[in-house]
Amino acid sequence: MTGYTLYGRNASPYTRRTAIVMRLLDLPFKQVVVSPFTDLDEIRKVNPLGRVPVLRLADGTCLVESACIIDHLLGDHDGDHRILPAGGPDRRRDLQLVALCQTATDKGVLAGHELLMRPAEKRHAPFLQARIDQARAAMLALEDRLADRPLPGGTPSLGEITAAVTLDFLDGFMPFVLRGLPLPATRSLGERLEATDSFTAQAPEARMGLDPAPDLS
Ligand SMILES: N[C@@H](CCC(=O)N[C@@H](CS)C(=O)NCC(=O)O)C(=O)O
């Protein structure tokens with residue numbers, strides 16, 4: 001037993017990509033399905049910042065931030081660099097895919113929060129539009145980098161995992177962000193990976209589907 005406990009829902013793309021990496025590394029873990037929207041007190045017991053994902057190690061140490069958690073897991077368990085190349089241009093390229101995805105997700109979440117949390121009369125349309133534009137720019141840059149990359153035959157890389165998770169999250173939770181955006185390579189990758197065991201085992205519990213598109217006029 002590894003003694004790992006992962007806090008967070010699969011509806012959280014940050015949690016989901018962490019969980020999928022753990023499955024691909026064959027690391028057993030217990031998942032405590034909590035959301036900062038409904039379980040803040042429980043999350044604060046393991047992360048004073050009140051965010052997920054959190055990975056609790058066997059000795060009780062709690063790690064936060066998906067990038068840092070994944071870095072720890074890969075350092076200990078990806079000795080043959082199946083998931084992240086050891087160095088050089090391949091590693092740099094893969095981590096840049098992750099960076100683009102994290103921006104797309106972060107900005108999509110900000111846009112979603114603006115819609116969900118703020119009363120309509122207090123929304124600031126230029127702020128909302130700028131966040132949507134950033135998320136779309138990140139996804140187009142991702143598409144550009146995936147366009148000439150063959151689909152993974154075996155274990156997907158960290159960048160590919162994060163790309164598929166990001167696409168599913170934006171499609172499922174805030175479809176207005178990606179509406180009309182040409183993303184054929186990203187969508188092919190998403191279809192390929194979403195059909196695999198590690199992804200289906202970590203399917204989002206629900207999809208909020210914030211739609212139709214907000215009125216930004
Ligand atoms: N950069 C962080 C983002 C984590 C994050 O924003 N998680 C969301 C759930 S999807 C959360 O806990 N939000 C509550 C908050 O940040 O206050 C990571 O990659 O782990």
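Which residue's charged end sits over the ring of F127? I started there, keeping in mind that this is a predicted model. I found R131, whose charged end lies 4.6 Å from the centre of the F127 ring.

While on rings, I looked up aromatic pairs too, and the structure holds one.

Next I went to the ligand. I checked which pocket it takes, and its space turns out to be the largest pocket. I listed the residues around the ligand: S12, Y14, P36, R51, V52, P53, E65, S66 and Q102. I then sorted this shell by type and got four nonpolar, three polar and two charged residues.

For R51, I noted a polar side-chain atom 2.8 Å from an oxygen atom of the ligand. V52 uses its backbone instead: a polar atom there is 2.8 Å from a ligand nitrogen. For E65, I have an N or O atom of the side chain at 2.9 Å from a nitrogen atom of the ligand.

Last, I asked how much of the ligand the protein buries. On its own the ligand exposes 500 Å², and the protein buries 75% of that.

Methods
Residues numbered from 1 in each chain as written. Predicted model: local features only at pLDDT ≥ 70, side-chain atom pairs only at ≥ 80, totals over all residues. Heavy atoms only, no water. Near = heavy atom within 4 Å. Polar contact = N/O pair within 3.5 Å; in protein donor to acceptor, adjacent residues only side chain to side chain. Areas by Shrake-Rupley, 256 points an atom, 1.4 Å probe, with all protein chains shown as cover. 1 Å grid on protein atoms, 1.4 Å probe; cavity = no way out; pocket = protein on both sides within 12 Å on 5 of 7 lines; lining within 4 Å. Sits in = over half its atoms within 2 Å of the grid points. Nonpolar A, V, L, I, M, F, W, Y, C, P; charged D, E, K, R; others polar. Phe/Tyr/Trp six-rings, centres within 6.5 Å; stacked < 30°, edge-to-face > 60°. Lys NZ or Arg CZ within 6 Å of the ring centre and 35° of its normal.
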